[in-house]
Amino acid sequence: MKIAIVNGPNLNLTGHRQTDIYGTDTFEKYIPALRELFPTHDIVYFQSNVEGEIINILHTCKGERRMVLLNAGGYTHTSVALRDAVSAIDVPVVEIHMSQVAAREEFRHTSLVGAACAGTIAGFGMDSYRLGILALEKIQEKNKKK
């Protein structure tokens, strides 16, 4: 299975920023461990603080038929353009949040992106990405039965 992990703004600071919320692990350490855990999957990682770059990588995922774990960061709550990109690519996308957004500030309770996704996983720190891959496996299995 081809999977793209696409992270949005400020997630490059994970492990150093608000460690009480996001923990001390970094993606530089976590992504290789995730690849070891799922050796049969082709997992690529992309992070940008720029909305247009995230949209461009999502468009690439369509061409590669690559399933997506999307943590849009702050764009989750503000970006109609990202929601439109997710709707346009016609590949399964699972929305990921490391924190439990429902327990955070009110403005984080609304996800513009989530409605275009197959599902949402939130609140499990870095493990949200592992759970996201398991969800994508279930989606692929279900699609094969159709």
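Colleague: Let's start with cysteines. How many disulfides does the structure hold?
Modeller: Zero disulfides, going by this predicted model.

Colleague: Thanks! Switching to the inside: which residues touch the most other members of the largest nonpolar core?
Modeller: L69 and Y129 do, in a core of 21 residues. At least two residues each come from β1 (2–7), α2 (27–37), β3 (67–71), β4 (93–97) and α5 (127–145). The largest share, four residues, is from α2.

Colleague: What does L69 touch, leaving aside residues up to four places away in sequence?
Modeller: Its contacts include I3, I5, V94, I96, Y129 and L136.

Colleague: What's in the second core?
Modeller: That one is separate and has 18 residues, among them A4, I55, L58 and V113.

Colleague: Now α5. How far does that helix reach?
Modeller: From its first C-alpha to its last, α5 reaches 28 Å over 19 residues, close to the 27 Å expected.

Colleague: Which of its residues are buried?
Modeller: S128, Y129, G132, I133 and L136 are the buried ones in α5. Seen down the axis of α5, they fall within an arc of 140 degrees, so they line one face of the helix. An α-helix has 3.6 residues a turn, so residues three or four places apart point the same way.

Colleague: What do those buried residues pack against?
Modeller: The buried residues of α5 pack against β1, α2, β2 (42–47), β3, β4 and β5 (119–122).

Colleague: And which exposed residues are on the face turned away?
Modeller: K138, K142 and K145 are exposed there, on the face of α5 turned away from its buried side.

Colleague: Last one: where does S79 lie?
Modeller: S79 is in the loop between β3 and α4 (80–89). S79 counts as buried, at 1% relative accessibility.

Colleague: What lies 2.9 Å from a polar atom of its side chain?
Modeller: The backbone nitrogen of L82 lies at that distance from the S79 side chain. Not counting residues up to four places away in sequence, S79 also touches E51, L112 and V113.

Terms used. Residues are numbered from 1 along each chain as its sequence is written. This is a predicted model: local features need pLDDT of at least 70, side-chain atom pairs count only at pLDDT 80 or more; totals for chains, interfaces and linings use all residues. Side-chain values use heavy atoms; hydrogens and water are left out. A nonpolar core is a set of buried Ala, Val, Leu, Ile, Met, Phe, Trp, Tyr and Cys residues joined through side-chain atoms within 4.5 Å. Buried means under 20% relative accessible area, exposed over 50%, partly exposed in between (1.4 Å probe, protein chains only). Contact means heavy atoms within 4.5 Å. The expected span of a helix is 1.5 Å times one less than its number of residues. The arc is that of the directions from the helix axis to the C-beta atoms. A disulfide is a pair of cysteine sulfur atoms within 2.5 Å. A polar contact is a pair of N or O atoms within 3.5 Å; within protein, one must be able to donate a hydrogen and the other to accept it, and residues adjacent in sequence count only if both atoms are side-chain atoms.
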